[in-house]
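Hi there,

Here is the structure I promised to pass on to you. Have a look at it first, and then read on for what turned up.

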Amino acid sequence: MESRKRTAPTTLSVMTEQSFTPPLTGEEMMAANPYRPWSARITSITPLTEKETLFEMRIIDDRVREAFHHHPGQFVCVSIFGVGEVPISISSSPSKSGFIEICVRRAGEVTTALHNMQCGDIVGLRGPYGTPFPFEEMKGHDVLLVAGGLGIAPLRSLINNIHDQRSEFEKVTIVYGAKTPGEIMFRQQFEQWSHRPDFDFYLTIDKPHPDWTGHVGMVTEAFKTLEVDADNTYGAICGPPVMYRFVVEEMAKKGISYDRIFMSFERHMKCGMGRCGHCQIGHQYVCLDGPVFNYWEAKNIQGSM
Amino acid sequence: MLYRVIDTDELSSLIRGFMDDYEFIAPVKADRGYVFEVVDDPSKVELDYVTTITSPKKYFLPSEEVLMRYSAEENEITDYSVDIKPRVIFGVHPCDINALNRLDLVYKDAPYPDPYYIKRRENTLIIGMSCMPGPNCFCNLFGTDEARMGADMFMQKIGDKYIISLSSVEASSTLERYCNPQRATDEDRKEFRRATREREAAFNKDIPHVQEIAMMMDVFHRDEFWTELGNRCQSCSACASVCPTCFCFDIFDRLDPDGKNGSRIRSWDACTSPEFALVAGGHNFRGDNRRRVRHRFYHKLNGFTGSHDYQLCVGCGRCVTACKANINPIEVLKFFDRKGAEQDGE
């Protein structure tokens, strides 16, 4: 038998757009190399607080943009080449198609570099990743949403999505706590909404402040007056790690079933695909199995709470 | 599966055949032990080894690799491709083949298949080789002492012959081209059984089998034992470097000296390194050695079972040699063996 020389290398291309005929669909392009960020243009920059800014972005490639569908609670990995990549939750509702909004806190190198960018600049985006809030399952029920600090960023995607399909939901209550009045994000939106009869708002700050006439105290204070129809309510919590235990306890006390209390965990997701290990808690990957877990799942993860 | 038999003196012809056709990787003798390396001289191949210092994992997940190239000025990816050579890895032991099968679950049969890993896996033939256990081997406890899948060819030595199980046509045709494979006789099958039993009997009996290890990891999550191990750990991550199933990685950017272009790089990382679970803002979710060491063993012996129904330790014993603080799965198994006995009131 003739010997076949097999020493010629095969080539794996990370460029997915030119390499195939007929052309790939957007879904296929993204799946061909899931590590490949797609160029997106910054279309709007809105400062929210001293440290947080809202960026609106639009993926440039038509096929990829049209294939990009996210759900509330999911995140993207944002690249600035030469600096690095960071995971950031999506703040906009899926109903705002063609664009995504991300709320970014200036915390590290990449987020600082992002804060120095201007409208029209290009960043890299890949995603969306993660298990979202069960939006469809929540329909037809009361929804109780609790956010603390930057936790409002992922929760806003859910809030705005509910807003856009408001008639599908029963009573909607939003509890949002910030440290100071200056750190309240999307304040304008929430202040406009506070007069609406179809959203119950409870906005609170941690400590008394001269510029503040509203509620003062932790978000758990709100539960003293909240009336909850336990059998018909879904809860969603998003905030700093210390908040979860206390808010979950309040929701459980009101009688909401463990598998209807949802929370979004924050860890350092690097790959977003359940592989690199950085976001792992117990046996779960926050990037893949989460970031949204229900309380029953969270209780079963070693080291989660 | 197809079984064929060749004489041991046909081995060099088989090795030479593979060498002619592929980039050939096999264990060779190095200063302090054995290592997998590219070999071009058949006489350098050392098949009589217990274990190599590191596993063939490095040929599928290099310790550092460029995922893509980019222009930092335009903030866009520039064309870049990875050349992957057709390879043969020869003389791989069952623990390492099973380790690759575990990696397949994470990199291939996963929600986001990894193109770099898959291309390398598809272009690599794995030729397995039977072995006899050393004092640190405990693959028998995790059912990884046999490679029923994951190798293109597996060679079990029986006396002065090899009985070979064939899983791929590519390996099979090389065997036919360079050797004179025969059908296995009843005598060969008996010899096979004898060789298997002999291996089974040779394992170190001081390493306890703890059937309920996964559950024990949950129940004794807060035990002082982890503090003790944590106090000893030096965070050197040697355990993860030599482990054939440790697959965690870091992704980072490295600019070229001109600052205009750069590479996005993936490199090995380990959950035992202090900054592994650090998030932006400074909070570290596993901020001490106790938590980190415990997490590593938890993932190996319980966590991976929860998500993939296999234990992630294959009992190769490499970390037993690599860890200078004597933190290893054997110590963990012995601890839980003692704990289990206490619970029984013994």
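Throughout this note, a salt bridge means a side-chain nitrogen of Lys or Arg within 4 Å of a carboxyl oxygen of Asp or Glu. Please keep in mind that this is a predicted model.

B:Arg291 has a relative accessible area of 32% and is partly exposed. B:Asp288 is partly exposed as well, with a value of 27%.

Over all chains, the structure holds 35 salt bridges. One of them joins A:Arg275 to B:Asp114, with 3.4 Å between the closest N and O atoms. This pair crosses between chains: A:Arg275 is in the loop between β13 (261-264) and β14 (280-281) of chain A, while B:Asp114 is in the loop between α2 (94-107) and α3 (115-122) of chain B. Both A:Arg275 and B:Asp114 are buried. The two also belong to a network of salt bridges that links them with B:Glu65, B:Arg120 and B:Arg266.

Within chain B, the side chains of B:Glu23 and B:Lys85 meet in another salt bridge, at 3.4 Å from N to O. Since B:Glu23 lies in strand β2 and B:Lys85 in the loop between β6 (81-84) and β7, the pair ties together parts that are 62 residues apart in sequence. How do the two ends compare, buried or partly exposed? B:Glu23 is buried, with a relative accessible area of 15%, whereas B:Lys85 is partly exposed at 41%.

Now for the aromatic side chains. There are 31 aromatic pairs over all chains. In chain A, A:Phe75 and A:Tyr129 make a tilted pair, with 5.8 Å from centre to centre and 45° between the planes. A:Phe75 belongs to strand β4 (residues 75-80) and A:Tyr129 to strand β7 (residues 122-129), so this pair connects parts of chain A that are 54 residues apart in sequence. Both A:Phe75 and A:Tyr129 are buried.

In chain B, B:Phe24 and B:Phe90 also form a tilted pair, at 5.5 Å centre to centre with 35° between the planes. B:Phe24 sits in strand β2 (residues 23-30) and B:Phe90 in strand β7 (residues 87-92), and the pair links distant parts of the chain, 66 residues apart. B:Phe24 counts as buried at 2% relative accessibility, and B:Phe90 counts as buried at 0%. Elsewhere in chain B, ring pairs link B:Phe220, B:Phe225, B:Trp226, B:Phe297, B:Phe335 and B:Phe336 into a cluster.

You will also find charged ends sitting over rings in chain A. The charged end of A:Lys96 is over the ring of A:Phe99, 5.8 Å from its centre. Likewise, the charged end of A:Arg166 is over the ring of A:Phe199, 5.4 Å from its centre.

Finally, take a look at helix α9 of chain B, which covers residues 289-308 and bends by about 55° at B:His299. Of its 20 residues, 14 are buried, so α9(B) is largely enclosed by the rest of the structure. Just after this helix, B:Asp309 takes a positive phi of about 65°.

Terms used
Residues numbered from 1 in each chain as written. Chains lettered and ligands numbered in written order. Predicted model: local features only at pLDDT ≥ 70, side-chain atom pairs only at ≥ 80, totals over all residues. Heavy atoms only, no water. Bend = angle between axes of the 7 residues up to and from the residue. Helix = DSSP H or I, 4+ residues; strand = E, 2+ residues; numbered from the N terminus. Buried < 20%, exposed > 50% of the residue type's maximum accessible area, 1.4 Å probe, protein only. Phe/Tyr/Trp six-rings, centres within 6.5 Å; stacked < 30°, edge-to-face > 60°. Lys NZ or Arg CZ within 6 Å of the ring centre and 35° of its normal.
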